[in-house]
Amino acid sequence: MDRVVPQDAARLLRDARRVVVFTGAGMSAESGVPTFRDDLTGLWARFDAQQLATAEAFHADPDLVWGWYEWRRSRVRRAAPNPGHLAVAAIQARVPQATVVTQNVDDLHERAGTRAPIHLHGSLFAPRCVAAAAHPASFPDAEDGDAPEPGEGRRIPPPRCVSCRALVRPGVVWFGEALPEAALTAAVDAAAGCDVLLTVGTSGVVYPAAEVPRIAARSGAAVIQVNPVPTPLDRVAAVNLRGTAAEVLPALVASAFEATEAS
Ligand code: OAD
């Protein structure tokens with residue numbers, strides 16, 4: 001792999017006033033959170049999305065689905081942000097206007113110090129009542145770390161809504177569901193108005209999220225892609241940085257900002 005960050009990418013980032021960082025599962029891979037589509041380790045290579053990530057699946061077998069999301073939530077709770085997440089927060093701290101748009105349902109951007117990331121696909125940490133969006137919902141366990149970690153295949157009954165006794169469901173977007181409207185609008189607006197969009201660790205095949213970098217490119221922004229392998233976004237990107245998020249992003253930040261600060 002070429003470890004040298006091409007100067008074009010560093011210059012584009014240094015000169016930009018409005019930046020969007022668009023992230024996918026590869027962003028968190030080096031924190032130990034599995035991606036979806038990598039051949040051997042991706043979640044969709046090991047699990048059937050139709051049985052776990054649809055409203056129909058939850059209706060048919062809520063304990064199976066809730067248990068699977070509790071397993072994923074416990075993995076994320078034990079994970080820590082990697083140097084790539086820290087580099088994204090550093091970009092936000094240095095660029096006049098930087099918006100982080102993520103497809104990830106983990107909270108690693110927040111824990112790295114990113115302000116107000118837009119979660120296009122919801123969050124593992126925002127359960128909600130299936131019957132009424134306005135009803136407050138929370139996890140039954142206090143997040144004190146004493147509860148046993150849910151195993152990978154463990155069935156766990158979902159909690160009941162304290163207001164109406166309906167089931168509580170994971171606060172993620174499932175296949176066939178609409179994205180949260182405000183999040184999608186904010187992401188599209190940011191993409192349409194940015195100078196540079198940095199896309200990190202996404203296969204770029206799940207719509208409408210995958211439109212975000214394409215909207216930026218059509219609106220005249222330079223797209224920089226960070227991914228160890230080619231993706232359909234290669235054609236959209238002005239610069240393709242082949243490498244991992246934790247390797248490439250800190251080097252990109254150093255090259256874009258630290259050299260100029262030292263001089
Ligand atoms: P994918 O699993 O489809 O793609 C992950 C991408 O990350 C691939 O292109 C990998 O090559 C790349 N990658 C792997 N390790 C990396 C690393 N260390 N650094 C940088 N890149 C790396 O994940 P997403 O594109 O996020 O939807 O998938 C999009 C959506 O599909 C997800 O949000 C989820 C899933 O179904 C919902 O849950 C609604």
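Find Trp44 first: one of its polar side-chain atoms lies 3.0 Å from an oxygen atom of the ligand. Keep in mind that this is a predicted model. Glu30 also reaches toward the ligand, with a polar side-chain atom 2.9 Å from a nitrogen atom. How much of the ligand does the protein bury? On its own the ligand would expose 790 Å², and the protein buries 93% of that.

Now look at the whole shell. The ligand is surrounded by 24 residues, and the closest are Phe36, Arg37, His121, Thr202 and Ser203. Sorted by class, that shell has ten nonpolar, eleven polar and three charged residues.

Where does the ligand sit, in terms of the protein's open spaces? The space it takes is the largest pocket, which has a volume of about 920 Å³. This pocket is lined by 44 residues, and those closest to its centre are Ala25, Thr35, Phe36, Arg37 and Ser203. Helix H2 (26-29) and helix H6 (62-78) each bring at least two residues to that lining. By class, the pocket lining has 23 nonpolar, 15 polar and six charged residues.

Searching the whole structure turns up two cavities of 30 Å³ or more. The largest cavity has a volume of about 150 Å³; of its 15 lining residues, Val33, Pro34, Phe36, Arg72 and Val105 are the closest to the centre. H6 gives the most to this lining, with four residues. The lining of the largest cavity splits into nine nonpolar, three polar and three charged residues. The second largest cavity holds about 60 Å³ of space, and its lining includes Trp66, Tyr69 and Phe139. Six nonpolar, one polar and two charged residues make up that lining.

Most residues other than glycine have a negative phi, and most peptide bonds are trans. Ala116 has a positive phi of about 45° although it isn't a glycine; look for Ala116 in the loop between helix H8 (108-112) and strand S3 (118-119). The peptide bond from Tyr207 to Pro208 is cis, with omega near 10°. You'll find Pro208 in the loop between strand S6 (196-200) and helix H10 (211-218).

Definitions and conventions. Residues are numbered from 1 along each chain as its sequence is written. This is a predicted model: local features need pLDDT of at least 70, side-chain atom pairs count only at pLDDT 80 or more; totals for chains, interfaces and linings use all residues. Side-chain values use heavy atoms; hydrogens and water are left out. A residue is near a molecule or strand if one of its heavy atoms lies within 4 Å of it. A polar contact is a pair of N or O atoms within 3.5 Å; within protein, one must be able to donate a hydrogen and the other to accept it, and residues adjacent in sequence count only if both atoms are side-chain atoms. Accessible areas come from the Shrake-Rupley method with a 1.4 Å probe; for residues, only the protein chains shown count as cover. On a 1 Å grid over the protein atoms alone, a cavity is a set of points where a 1.4 Å probe fits but cannot get out, and a pocket is an open set with protein on both sides within 12 Å along at least five of seven lines; lining residues have an atom within 4 Å of a point. A molecule sits in a cavity or pocket if more than half of its atoms lie within 2 Å of its grid points. Ala, Val, Leu, Ile, Met, Phe, Trp, Tyr, Cys and Pro count as nonpolar, Asp, Glu, Lys and Arg as charged, and the others, Gly among them, as polar. Grid points are joined across faces, edges and corners, and a volume is the space filled by probe spheres set on the points.
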